[in-house]
Amino acid sequence: MSPAENTMLPLRPLRGLFVTGSGTDVGKTVATAALLRALLLANVRVQAIKPVQTGVAPAEARTAPLADARVYAEAVAGLPQAASMQPPTALRCFTLPASPHLAAAREGAHLTCAGLRNDIEARWQSGAADMLLLEGAGGLRVPLNKREDMLDLMAAVGLPVLLVGGNYLGGLNHILLSLDALRHNGLQVAGIVLAPPVDPAAGCPGVDVQAMLADNAAMLRERMQQQGITAPLVELPRLARLDAAGWQTLAERLTPLVGHVLPKCGDCEAEIVRRDHQVIWHPYASAMQPPLLSAVARTRGNRIVLADGRELVDGMSSWWAAVHGYNHPRLMEALHAQAGRMPHVMFGGLTHEPAVALAEKLLQLMPDGLERVFFADSGSVAVEVALKMALQYQQGRGETRRTRFLTPRGGYHGDTFGAMSVCDPVTGMHSLFTAMLPRQIFMERPGCRFDQPFDPASLDDARRNFAEHGAEIAAVILEPVVQGAGGMWFYHPQYLRGLAQLCRDAGALLIFDEIATGFGRTGKMFAAEWAGLSPDILCCGKALTGGVLTLAATACSGEVAQGICGGGNVFMHGPTFMANALACAVACASLELLEEEGWRQRVALLEEGLSKGLARCAGLTGVADVRVLGGIGVVETREPVNAQALQRYFVEHGVWIRPFNRLVYLMPPYISPAEDVERLCSVTAGALSAGVHVQ
Ligand SMILES: *Cc1c(COP(=O)(O)O)cnc(C)c1O
């Protein structure tokens, strides 16, 4: 591939404002038009766009005009700046004056957020405006299709939102509900405009309308303050006639908004990174030579949106976790619903439905024979729990000499002390602490590749270690089939079967650390299935909550549980945030989603895409190996890569991939579209063929 193929023009980050109403006919178009005038008066080059326009006359619909353009044109008439304004447009026009989903269906069309967003982006990139003024259709929950609403489009676009509310009796309810919805979707409120409807007292004859409407504004200001919304509330007056003077009056009223809708630097990318560098420590990083960082503002699907608006295709699933991509509506719903009921409660002496349901689901998915679940708050803690379970089990059956663990080199099990003691002693990132760590027993890493015939000799070193230390070994701990952070190494499942037999013969337990491999990533729900095995203890984490919250679990067999708790003993562990209800509820939803969204087919597609896409790396200079298993694609280089140069290159090319040591690896969310997987692969190949890794 030539480097040119891989070059992309740097895209301008989207800037602008989304105007929505608290309902239909609340005065949104008039407010938008008046704001257009206010922005032109402030010399902002703005383009008005209506993503969807319904109720357009058939003759006009063909030329895709904007019916509201007439109102916009009246509002800006006479302004010299109007000459330079990009003509307002509607992206999709339908004749039926109804909700977009209905109007589109009537004409055999189907609207999607992704499609509309792409069109908005295309307008922005091809135009010369400083900002877009997007006017929605109706209120927030106006459907675009069976699954998506206007609000989803706003979230997909991610721009600040100006809410136009009707100042009528009962209007407050709609405005406050709209504010809730905006906040729950992480949208910034750029301001609220209270517009006078035609008949503010409809349905309530004989009341002092003026006093009640004044209270609407006062109440809203109070609520905005409580919610930390610093943007202004503007009341538009009722005008007898919307002539030139009228538009000017409205525009002047809206002037306080102009400062709030223009992009500010408070949260711009460079500024966040600068502040970070003063106060924060990053994973495996120096505080003195601050690491290369990008500031993230939002995420959605398989995209990471930086604070400057640039959008990256995610190739990491946030370290194995975000298998459904980001902000999946089902996970967000589970989170919000549980937050409304109970975010957390201590787990000593109390229990709750989300924890029980999650344990039941997990045991159903895990290999047969696992019967009890212990919830921990991170993967490392789940590993500590597994090690303690094994030690207590051996103590319980009087095997007090069994205090050590046997583990292959090249493993990674976390960063706490027990977990560190079983990580690779050299490359395991923890060599500094060797003096303080319990001495474990290390054997050769499983040498036989996943994709080659099994070599029984790969078990020789395990056999030798059992012969030598068998009586001291409490358990063997290892990552089944895929060694993750220790080298992204895929080995033959038959090795695990041999090892399991050696454990049984020696009276040692077998612990599988499936924190990285669990939940489908290797093409099986748990990697143990490749070997048809059930370990005595299994740890999972990372993808357990679909990447939303921190949660991990250690499951053990009935025999291990009985061994620990025989004679009235208890298991000595209990984190403060054990079985956090929010995390459990989201995890339940995530496990349901895996099934519903067909993880098996999706991971198979990922495997196909990664295999095809990364094959071109095999011949490149400095590349030692290319391998793919399930949703994991690895390019291993001969020398450690310049991770910083690669990270910069990847961000500049619109992808998020974070290499380490001699590994450039991809593990995209399961929901990644094929073209995005191809993009990840082609940018990887582009970087390696351009030699960015050896800079
Ligand atoms: C990430 C990982 C851990 C540690 O999990 P944390 O949640 O980061 O503590 C342990 N084991 C394996 C295999 C992992 O990949």
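**A strand and its setting**

Guide: With 695 residues, a compact globule would have a radius of gyration near 26 Å, and the protein agrees at 30 Å. That radius is taken over C-alpha atoms, and the globule rule is 2.2 Å times the number of residues to the power 0.38. This is a predicted model: local features need pLDDT of at least 70, side-chain atom pairs count only at pLDDT 80 or more, and totals for chains, interfaces and linings use all residues. Residues are numbered from 1 along each chain as its sequence is written, and side-chain values use heavy atoms, with hydrogens and water left out.

The C-alpha trace spans about 95 × 60 × 55 Å along its principal axes. The protein has 23 helices and 23 strands. These are DSSP runs numbered from the N terminus: helices are H or I with at least four residues, strands are E with at least two. Of the 695 residues, 54% count as buried. Buried means under 20% relative accessible area, exposed over 50%, and partly exposed in between, with a 1.4 Å probe and protein chains only.

Now to strand 4, residues 131–135. Five of its five residues are buried, so strand 4 is largely enclosed by the rest of the structure. In a regular strand the side chains alternate between the two faces of the sheet. Here both faces are covered. Met 131, Leu 133 and Glu 135 lie on one side, and Leu 132 and Leu 134 on the other. All of these are buried.

Next, the neighbours. Two strands pair if DSSP finds at least two bridges between them. Strand 1, residues 16–21, pairs with strand 4 in the parallel sense over four bridges. Leu 17 has Leu 133 as its bridge partner in strand 4. Strand 2, residues 46–54, also runs parallel to strand 4, joined by four bridges. For Ala 48, the bridge partner in strand 4 is Leu 133.

Four strands form an open sheet in the order 8-9-10-22, with mixed pairing. Strand 8 (296–300) and strand 22 (655–656) stand at the edges, each with a single partner strand, so one side of each has no neighbour in the sheet. Strand 22 runs parallel to strand 10 (residues 311–314), and two bridges join them. Val 313 has Val 655 as its bridge partner in strand 22.
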